[in-house]
Amino acid sequence: MPWHVHKTEEKRKVKKEELWVKCKKCNAHIYKVDWKKNLEVCPKCNYHGSISSWDRIGLLIDKNTFEEFNTEIIPEDSLKFNDLKGSYKDKIDETIKKVGISEAVITGSGKINGINVVIAVMDFRFFGGSLGSATGEKILRASNYAYDNNLPYIIISASGGARMQEGALSLMQMAKTCAGIARLNRKNIPYISILTNPTTGGVSASYAMMGDLNISEPGALIGFAGRRVIEQTIGEKLPDDFQTAEYLVEHGFVDAIVERRDMKSFLGNVLAYYNH
Amino acid sequence: MAKSKVKKTEEPVNKAWEIVKISRHSNRPILQDYLNLIFTNFIELHGDRYFSDDKAMIGGFAQIGKHKIMLIGHNKGKTTNENIERNFGMAKPDGYRKALRLMKLAERFNLPVITIIDTPGAFPGLEAEERGQAEAIAKNLTEMASVKVPIISIVIGEGGSGGALGIGVGNKVLMLSNAIYSVISPEGCASILWRDAKFAPDAAEALNLTADSLLKLGVIDEIIPEPGEGAHSDHKKMAENVKKAIINNIELLKNLSSEELIDSRFEKFSGIGKYSIKS
């Protein structure tokens, strides 16, 4: 291929990627400005795409009220875990650089419609939102803050599950974070869990399912085992809506499905029942 | 030729994989064996009061030495038929809910809870998801944190991920020296991170799933030694070692108040994990 053709093609491709977003559900090409304006929700099919922790905090927390906790806590390659693609340590450094945050969760305090809350917001871009030691530590410390200050706790999950590269240490974060939730329960402090696409594996089997209220975004994938594993186990195809937020509402595990654009007012309304 | 032969013997054995194989040995003692060898007066209690009686998870009143306890554990089988009936020790939500019900019952009777962990994992099936496998495990993790009696958990064979942890939030967590405890099976991990399950031995090593590694990492509190080649080589001796460890730990915990038990369990689990502090 002549060099000039190659170059224009490249250029065109880059330009296209910069300007358009392809919806992962309906494959529609949406102008990026419109996609962002619509809070990363597909205007054609209402698919709720992944959204960064900071954008989520911007949507939910009153302006200039958010104070971040524990920015100093970052992942560590304590097992010296190496797989085909190299060391976990290198991947940590790369991911921090690429995503611009230092763990799969951002925690802090802030106000929702003037009501003080503690909030933990997971970010799927960071190791698939997986639950590692640092993630668990931040989530527990935030819940301890809520406990000490009698504040409602909100966790927004977006996670594929436990972080394999940390072995059983990551598994134990499930027990650790739930022990924090148990303390809130004993003190009658409300905990609201918001499950977004996806919330699976070890995260669904720990704090994400333990909300006094479990709220989900439309269409979110929520479940314990992966679809492929289940299909292999039972030897048959699963229904299309299997493990969707709607399926979980039907089976009694989620209280309500709330659209992204309505989430703040929904939370404000619920919190008003606590703070009366 | 001679050179390559020397090299081969110098190659380090993958100890983790050897242990994985021992932990899955066909003659490895299962809960049923320990029930026969060291527990007496077992009164089995059935059902979760919601949906069914899960045969992959059993429990009831039992006695060990002079101590009365609540025994709960994964129930693998010996034969293929037994394993099919008991779903290979892979519990459904009903099993986890039964376990929790029995822990609450133990509180009522002021009995220490002994949980015996031996499962490839929680059952990954349609009806398990439908009935809330994630919720059932999550609930156990949360509720176990507040249980007012001592909980002693022992991994006797396979400690498969959330399915193991679902009855594993103990004041003391013990492991047999050739048992494994992991966030994912070596095969599952290999098929994701190595793109091929045949790299399971590499994954096993990387995951640090042996009792030795987990003691160092602070995931478990104590290792129960196995006789000879492993637990399968001498069931009686193995069971004696388990009995000794259980009784020691009951003695250790029996004088703690409910509050102390709950607080120390919280302290223990909140301290698990390795992370860095950015300067």
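Mentor: Please note that this is a predicted model. E4(A) pairs with strand E9 of chain B, residues 275–277, in the antiparallel sense over 3 bridges.

Trainee: Which residue stands opposite Tyr275(B) in that pairing?
Mentor: Pro75(A) stands opposite Tyr275(B).

Trainee: And how many residues of each chain are in contact with the other chain?
Mentor: On chain A there are 52 residues in contact with 45 residues of chain B. The elements giving two or more residues to the chain A side are strands E4 (73–75) and E5 (82–83), together with helices H5 (133–149), H6 (167–186), H7 (201–204) and H8 (227–234) of chain A.

Trainee: Which element gives the largest share of that side?
Mentor: H6(A) does, with 16 residues.

Trainee: What is the make-up of that side by class?
Mentor: The side of chain A that touches chain B has 30 nonpolar, 15 polar and 7 charged residues.

Trainee: Let us stay with H6(A). Is that helix mostly buried or exposed?
Mentor: Buried: 18 of the 20 residues of H6(A) are buried, so the helix is largely enclosed by the rest of the structure.

Trainee: What span should its 20 residues have?
Mentor: At 1.5 Å a residue, H6(A) should span 28 Å, and its end C-alpha atoms are 30 Å apart, which agrees.

Trainee: Now the nonpolar core. How many residues has the largest one?
Mentor: The largest nonpolar core has 151 residues, and those with the most contacts inside it are Cys178(A), Met175(B) and Tyr181(B). H6(A) gives the most to this core, with 11 residues. As general background, nonpolar side chains tend to be buried together in soluble globular proteins.

Trainee: With which residues is Met175(B) in contact, leaving aside its neighbours within four places in sequence?
Mentor: Met175(B) is in contact with Val155(B), Tyr181(B), Ala211(B), Leu214(B), Ile220(B), Ile223(B) and Ile224(B).

Trainee: Turning to the strands of chain B, how many residues of E5(B) are buried?
Mentor: E5(B) is mostly covered, with 10 of its 10 residues buried.

Trainee: Which strands run parallel to E5(B)?
Mentor: Strand E4 of chain B, residues 113–119, runs parallel to E5(B) and is joined to it by 6 bridges; in that pairing Ile116(B) stands opposite Ile154(B). Strand E6 of chain B, residues 172–176, is also parallel to E5(B), with 4 bridges, and there Lys172(B) is the bridge partner of Ile152(B). Strand E7 of chain B, residues 180–182, is parallel to E5(B) over 3 bridges, with Glu158(B) opposite Ile180(B).

Trainee: What is the phi of Ser161(B)?
Mentor: It is near 55 degrees, a positive value in a residue other than glycine. Ser161(B) lies in helix H8 of chain B, residues 161–165, and is buried, with 27 other C-beta atoms within 10 Å.

Trainee: And Asn64(A), is it buried or exposed?
Mentor: Asn64(A) counts as exposed, with 8 C-beta neighbours inside 10 Å. The residue lies in the loop between helix H3 (53–60) and strand E3 (67–68) of chain A, and its phi is also positive, near 60 degrees.

Trainee: Where is there a cis peptide bond?
Mentor: The bond from Asn197(A) to Pro198(A) is cis, with omega near -15 degrees. Pro198(A) is found in strand E10 of chain A, residues 191–200.

Trainee: Finally, chain A as a whole: how many helices and strands has it?
Mentor: Chain A has 10 helices and 13 strands.

Definitions and conventions. Residues numbered from 1 in each chain as written. Chains lettered and ligands numbered in written order. Predicted model: local features only at pLDDT ≥ 70, side-chain atom pairs only at ≥ 80, totals over all residues. Contact = placed C-beta atoms within 7 Å. Nonpolar A, V, L, I, M, F, W, Y, C, P; charged D, E, K, R; others polar. Pairing = 2+ DSSP bridges. Buried ≥ 20, exposed ≤ 12 C-beta atoms within 10 Å, placed from the backbone. Core = buried A, V, L, I, M, F, W, Y, C linked by C-beta atoms within 7 Å. Expected span 1.5 Å × (residues − 1).
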